[in-house]
Amino acid sequence: MTSPGRLLPAAVRRLRLRVGTKPSTAMARCLSTCPPARAVIYDQHGPPDQVLRVADVAPPEIGDRDVCVRMLAAPINPSDLNRIEGVYPVRPPLPAAVAGYEGVGQVHALGPAVDSDYLSPGDWVIPSPPSFGTWQTYVVKPAAAWHRVRSDVPPQYAATVTVNPLTALRMLGDFVNLSPGDALVQNGATSIVGQCVIQLAKLHGLHTINIIRDRPGSEEAKDKLKQLGADEVFTQSQLDSIKNVKSLLGALPEPALGLNCVGGNAASVIMKILRQSGTMVTYGGMSKKPVTVSTSSFIFKDLSLRGFWLQKWMNSDKAEESRTMIDYLLGLVHEGKLKYEMELTPFSDFHLALDKALGKHGSRPKQVLRF
């Protein structure tokens, strides 16, 4: 398979579709501050439901090259919760840290030195690369930190396009040279990354073998993934109870690529299914259990184990490439070729959305705050 960048159309249009009523450019440039904002703040690390608070913050000033953005939507990602807990490698400084790392907003006002051909009031923008402080009603960042995106998609997709879909796209192209007809295996298949992997793989002629955890409603989850294009979906217990796991694959080829976001036994199963000299890429550890590798996996199967961290990739020299790929992904959303489950919750009900994200209301889709 060619790299994801080569899969893009020759020319990705940067649309400047307008939404709603926009302030005049002159008025937008006269503002020296954003309006007062409401923000989710924490002063110390700890359990998110204990340390987070919603508070008013002073109107941020707009510098010459800054842009004030009214936030439209922002997700609650597991990595956001890890930052708040203090266990993520990169965290905002304390105290008074504003939570959130991803989202979409609408340009409200421009600093006097911002080129109106680059951004205009009313444009939809995302922080690119993602950056701290998206869980608030207004955000000020330098113009170069914002990427204009199309506004003819649901805002929750623009708000979530970077962390999960881009991770899926990168992993499909960065580690193994896959060709149409090849297969891959993944755990955590009901996650947004997992759902995106299934759809992107299908678009590129790849087969997917998907593993989900045992839970009530697993049969319904299997059906949903197959509707997205999954070739096979198994629960963890199905694979644990079968000695010859590969016999379940039928006519599918042994996968060359495995994607692991769970760890523990779920990662071991992927290694059993991988073909000779296959590669497993770990991008998460939801079980909080280590990846344990048998000696035979190295000696007799010659497996390769790799890791992927989107933030490190985006903070290298990939900023412009990532923006092109984001445009490509949102184009797929617009065409109805990429979709995933989310639940919108008003920002005024933040603590309810947080409880859902923490699992206090059972298994729920990705929580996205609507401002």
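Analyst: Let us start with P95, which is found in the loop between α3 and β4 (97-98); helices (H or I, at least four residues) and strands (E, at least two) are DSSP runs, numbered from the N terminus. This is a predicted model, in which local features need pLDDT of at least 70 and side-chain atom pairs count only at pLDDT 80 or more, while totals for chains, interfaces and linings use all residues. Residues are numbered from 1 along each chain as its sequence is written, and side-chain values use heavy atoms, with hydrogens and water left out.

User: What is omega for the peptide bond from L94 to P95?

Analyst: Omega is near 0° there, and the bond from L94 to P95 is cis. A cis peptide bond also joins S128 and P129, with omega about 0°, and P129 has its place in the loop between β6 (124-127) and β7 (138-142).

User: How do the axes of helix α5 and helix α6 cross?

Analyst: Axes are lines fitted to C-alpha atoms, for helices over the stretch in contact, and angles run from 0 to 180 degrees between N-to-C directions. The axes of α5 (residues 164-174) and α6 (residues 192-203) come within 8 Å and cross at roughly 50°. The two helices are therefore oblique to each other, given that angles under 35 degrees count as roughly parallel, over 145 as roughly antiparallel, 65 to 115 as roughly perpendicular and the rest as oblique. Residues in this contact (heavy atoms within 4.5 Å) include L169 and M171 of α5 and V193 and L200 of α6.

User: At what angle do the axes of α5 and helix α12 cross?

Analyst: The axes of α5 and α12 (residues 319-334) cross at roughly 105° and come within 10 Å, which makes α5 roughly perpendicular to α12. The contact is made by P165, L166, L169 and R170 of α5, together with E321, S322, M325, I326, Y328 and L329 of α12.

User: Which residues line the largest cavity?

Analyst: On a 1 Å grid over the protein atoms alone, a cavity is a set of points where a 1.4 Å probe fits but cannot get out, and lining residues have an atom within 4 Å of a point. The largest cavity is lined by Y42, D80, R83, I84, P92, V98, A99, G100, Y101 and F132. Helix α3 (residues 78-85) gives the most to this lining, with three residues.

Technical notes. 1 Å grid on protein atoms, 1.4 Å probe; cavity = no way out; pocket = protein on both sides within 12 Å on 5 of 7 lines; lining within 4 Å.
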